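Let's walk through a structure together, one feature at a time. Have the viewer open and follow along.

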Amino acid sequence: MRCIFLYNPNSGKGKVQKKLPLIKKKLSACFDEVVICAAHSAEDLERKVRGSTKIFDVVVFSGGDGTFNNVLQGLGNTDAQLGYIPAGTVNDVARSLHIPRSIKGALKVIEQKHSERLDCMTVNGASYAMYIAAAGAFTSATYHTPQTTKRALGALAYAVECMKHNMKLDVFRIEAACDGKKVDTHAVLVLILNGRSVAGFPINKEGSMRDGSLEMVIIKQVRKPGFFRKLGAYLSVFSVFLFGCRIKKKDIVFLRGEKIDIRTEENVVWDFDGEEGIRGNISIEATRGRVKLYVPRGRTI
């Protein structure tokens, strides 16, 4: 079997670059041929994934959640076997799938060659997301935080960015439909989930990447909130991250289904897997078994 290893030199703290000899050695013990290749931008990575699926039997890649998203776009409709070595700041996809966040641990998973078919999310019928689509409170921190700050502070960098630029919880109108259930309200945060972990917190413990369903959380707010309403919104955001997305609170809506349609304001920006995405209305559906990935044997995913 032929294998290519694609990596993002800028993910995490550049630790993959230092471990390339080890990675080459371990992969060479598993596959007949191994090619190592760096990708220097999201577009470069997508292009290399697209070309690799025509030549190689296995595409192993390293990076953070944004890198995983880029790989999905590059896959398109192909059915390539993937292997993943997490090397980002938070690595929510790896947390959801129990893939070790150490290079040696992730390589052991690939060595076992236990593959599962995982769901992903199809957005507006044209692009993909692996574990989250989000809009509203604090979501822009994932793509506005400078890479240099992430290298220096790790996951704490996102908290610093939130405190500097994201403490104002903007209110926006949302009309959501999820498998026949409808919600028409104003909100400060919307999360559409396919994984268990968000920002390193296991907020969707009962979620799965193999059940063909998505979970949605809406934190409601009045159009013009006063001080106590604003305070209540902060408490609800923190409650979701501390106690999980299924917490019962009157301003928190939880829905579950295969397809979610959302109409909202044109200036609402969506975050897909930690990357800045489209604005305004979206339609998202769970796409069963779209991603073929090496995962730990015997773990619930």
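This is a predicted model: local features need pLDDT of at least 70, side-chain atom pairs count only at pLDDT 80 or more; totals for chains, interfaces and linings use all residues.

Q: How many helices and strands are in the chain?
A: The chain has 10 helices and 15 strands. Helices (H or I, at least four residues) and strands (E, at least two) are DSSP runs, numbered from the N terminus. Of the 301 residues, 55% count as buried, where buried means under 20% relative accessible area, exposed over 50% and partly exposed in between (1.4 Å probe, protein chains only). Take contacts (heavy atoms within 4.5 Å) between residues at least 6 apart in sequence: 71% of these join residues at least 24 apart.

Q: How do I read the packing of two helices, say helix 2 and helix 6?
A: Two packed helices are described by the angle between their axes and the distance between the axes. Axes are lines fitted to C-alpha atoms, for helices over the stretch in contact, and angles run from 0 to 180 degrees between N-to-C directions. Here helix 2 (residues 20–28) and helix 6 (residues 103–112) pack at about 15 degrees, with axes 10 Å apart. That makes helix 2 roughly parallel to helix 6 (angles under 35 degrees are roughly parallel, over 145 roughly antiparallel, 65 to 115 roughly perpendicular, the rest oblique).

Q: Which residues make that contact?
A: Helix 2 brings L22, I23, K26 and L27, while helix 6 brings I103, K104, L107, I110 and E111. The residues of this contact divide into six nonpolar, no polar and three charged. In that scheme Ala, Val, Leu, Ile, Met, Phe, Trp, Tyr, Cys and Pro are nonpolar, Asp, Glu, Lys and Arg charged, and the others, Gly among them, polar.

Q: How does the length of helix 10 check out?
A: The expected span is 1.5 Å times one less than the number of residues. Helix 10 (residues 227–243) has 17 residues and should span 24 Å, which agrees with its end C-alpha atoms being 24 Å apart. Its buried residues are A233, Y234, S236, V237, S239, V240 and F241, and they pack against strand 9 (181–193), strand 10 (214–220) and strand 11 (252–257). After the helix comes G244, with a positive phi near 105 degrees.

Q: How many residues of helix 4 are buried?
A: In helix 4 (residues 65–75), 11 of the 11 residues are buried, so it is largely enclosed by the rest of the structure. Just after helix 4, G76 takes a positive phi of about 60 degrees.

Q: What does L82 contact beyond its sequence neighbours?
A: L82 sits in strand 4 (residues 81–86) and counts as buried at 0% relative accessibility. Setting aside neighbours within four places in sequence, its contacts include V71, L75 and Y294. The C-alpha atoms of L82 and Y294 are 6.4 Å apart, though 212 residues separate them along the chain.

Q: Where is D273, and is D273 buried or exposed?
A: D273 lies in the loop between strand 13 (269–272) and strand 14 (275–279). At 1% relative accessibility, D273 counts as buried. D273 has a positive phi of about 55 degrees although it is not a glycine.

Definitions and conventions
Residues are numbered from 1 along each chain as its sequence is written. Side-chain values use heavy atoms; hydrogens and water are left out.
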